[in-house]
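Here are my notes on the model, point by point. Please keep the viewer open while you read.

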Amino acid sequence: MMADNEPIIEVRNVVKRFGDFAAVNDISFDVPRGEIFAFLGPNGAGKTTTIRMLTTLLRPTSGSIRVAGHDPAHDQEGVRRSIGIVFQDPSLDDELTAWENLELHGVLYGVARTLRRQRIDQLLTLVDLANRRDDLVKQFSGGMKRRLEIARGLLHHPKVLFLDEPTIGLDPQTRNHLWSYVTRLNQDEDVTVFLTTHYMEEADRVARRIAIIDHGKIIAVGSAAELKEQTKTQSLEDAFITLTGSTIREEEASPVDIMRQHARAWRRRR
Amino acid sequence: MRPAVLFGLWLRQVKRYLRSRARIIGSLGQPLLFLVALGFGLGAVFRRAGQGDYLKFLAPGVMAMSILFTAIFSGVEIIWDRQFGFLKEMLVAPVPRLAIMFGRTLGGATVATVQGLIVFIIALFFGFRPTHLPRLPWALLIMLLISLLFTALGTAIASVVEDFQGFQLIMNLLVMPLFFFSGAIYPLQGLPRALVIITKANPLSYGVDALRTSFGSATEFGMTLDIAVLAGVTLLLLIAGAALFNRIEA
């Protein structure tokens with residue numbers, strides 16, 4: 001077990017290569033327990049690859065990681081029990097209802113039945129989907145799906161919550177709700193939050209510390225105020241651009257994106 | 001391995017099946033076509049060749065076909081799960097991969113068996129009559145075994161193949177040959193040597209034979225060998241499938 005003062009996420013010299021390309025190139029950082037930590041970077045900088053390694057979905061090429069006292073490379077189940085994830089891409093079952101998606105999640109995470117049902121009701125109300133609980137997810141709009149995914153990530157009360165660009169496609173009201181809830185969860189339940197976002201004002205508002213990653217390397221870590229001071233800028237957005245430059249990055253289509261395109265073509269053909 | 005997890009994943013497969021009316025109806029069209037076109041079309045020739053009632057011969061073959069298609073498709077559905085992202089949700093859950101694969105496979109096999117039973121009922125309407133009623137319960141067991149075998153095969157394949165082109169390739173190069181070289185539509189006696197080897201190497205041949213036997217027809221390989229082959233191959237595929245599924249990175 002881990003000591004209380006030990007960081008809940010510990011990353012040491014982690015490298016992830018895909019062929020010749022180093023998506024993550026020797027990064028190290030700590031996230032203390034109970035912190036809200038933002039991981040910012042332009043497209044293709046290595047944010048999602050890092051989250052995938054932290055959440056046991058990818059194995060690092062080299063380096064070491066500890067999440068909640070477990071090593072994702074060797075004790076995947078230990079890590080998985082301790083974390084919740086809201087993925088950047090959709091990951092709901094469209095053919096199930098909102099309630100069924102949450103129910104299955106609760107079963108997979110071993111949340112006891114009574115507690116599970118109770119939390120599902122609470123969370124559905126929280127994300128404003130209580131009246132749509134028995135509708136199939138495929139009938140939902142993008143924003144509704146997002147909200148459902150967030151509810152799902154919270155259902156088992158994880159020690160560390162990973163939010164990979166959770167507010168994409170949400171209106172300002174919902175974004176506001178979401179961040180208030182995440183902040184409250186962080187304070188009341190001592191949930192550590194690891195988030196990525198492209199909205200600088202969100203990171204500025206909720207994150208206690210921010211790491212900026214570019215070309216697979218961490219180029220700055222500190223509070224929003226520290227980053228602004230370091231770059232002599234007024235806003236986090238300016239600080240970000242000063243640090244990462246103003247060229248636009250093209251992200252290559254991932255295998256999943258390519259597959260989605262085929263899927264669309266295939267459905268049309270039927 | 002918590003039973004609730006297996007049940008949850010099983011239930012998911014069954015619900016998905018019950019909700020896709022198009023899939024149910026579509027998957028019944030093909031068996032229907034085979035029963036009508038082949039059953040009535042070749043019936044006269046079959047009888048003249050001294051082989052007896054063709055429908056009685058063909059019906060178990062068409063049930064096996066229906067199970068084969070549904071089962072492989074259920075297994076291969078992992079490609080869909082990957083595409084719609086749900087695979088990630090399962091892969092990061094604190095559940096052994098073996099449990100995920102097993103729960104899914106049980107669900108897919110249940111669906112395939114139900115599909116086989118529906119074809120059985122349709123065949124009854126066309127005049128198919130099992131002649132050995134005490135052996136009938138065996139038919140259910142055999143259907144389940146065939147279902148498990150090919151769902152496991154589908155899962156194993158889907159763990160390796162990542163896109164839809166791969167899926168098309170499987171359907172054309174694997175599933176159709178499995179069906180056509182299984183003795184589902186023609187007797188296995190008096191075949192050219194090459195075909196004998198292929199049909200004997202095809203696990204579906206044993207499934208078709210066992211099914212036919214449990215409906216009261218004469219057996220080709222013997223029920224014991226049939227069940228031994230089906231059970232053995234199923235076990236092998238489950239182990240191989242689990243190993244492959246374990247290696248998936250999302």
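1. Definitions come before the sheet. Two strands pair if DSSP finds at least two bridges between them. Helices (H or I, at least four residues) and strands (E, at least two) are DSSP runs, numbered from the N terminus. The model is predicted: local features need pLDDT of at least 70, side-chain atom pairs count only at pLDDT 80 or more, and totals for chains, interfaces and linings use all residues. Residues are numbered from 1 along each chain as its sequence is written, while chains are lettered from A and ligands numbered from 1 in the order in which they are written.

2. The six-stranded sheet. Chain A has an open sheet of 6 strands in the order β5-β6-β7-β3-β8-β9, with mixed pairing. The edges are β5 (83-86) and β9 (217-222) of chain A; each has a single partner strand, so one side of each is left without a neighbour in the sheet. On average, neighbouring strands are turned by 15 degrees against each other, direction ignored. Axes here are lines fitted to C-alpha atoms, for helices over the stretch in contact, and angles run from 0 to 180 degrees between N-to-C directions.

3. β5(A) pairs with β6 (residues 160-164) of chain A in the parallel sense, over 4 bridges. I85(A) has F162(A) as its bridge partner in β6(A). Helix α5 (residues 142-154) of chain A packs on the sheet and touches β5 and β6 of chain A. The direction of α5(A) makes about 175 degrees with that of β5(A). Contact means that the C-beta atoms of two residues, placed from the backbone, lie within 7 Å.

4. Helix α1 (residues 47-54) of chain A lies across β3 (36-40), β6, β7 (192-196) and β8 (209-214) of chain A. α1(A) runs at about 150 degrees to β6(A).

5. The hairpin. β1 (residues 9-18) and β2 (residues 21-31) of chain A pair in the antiparallel sense over 8 bridges. V11(A) is bridged to F29(A) in β2(A). The hairpin has 2 residues between its strands, and G19(A) in the turn has a positive phi of about 65 degrees. β1(A) also pairs with β4 (residues 62-67) of chain A, antiparallel, over 5 bridges. There, V15(A) has S62(A) as its bridge partner.

6. Helix α4 of chain A. Which residues of α4(A) are buried? They are I120(A), L123(A) and L124(A). Buried means 20 or more other C-beta atoms within 10 Å of the residue's own, exposed 12 or fewer, and partly exposed in between, with C-beta atoms placed from the backbone. The buried residues of α4(A) pack against α3 (98-108) and α5 of chain A. On the other side of α4(A), T114(A) and Q118(A) are exposed. D128(A) follows the helix with a positive phi, near 65 degrees.

7. S91(A) and chain B. S91(A) sits in the loop between β5 and α3 of chain A. S91(A) counts as buried because it has 24 C-beta neighbours inside 10 Å. Residues up to four places away in sequence aside, S91(A) touches E149(A), G85(B), F86(B), K88(B) and E89(B).

8. The interface. 24 residues of chain B are in contact with 28 residues of chain A. On the chain B side, α1(B) gives the most, with 7 residues.
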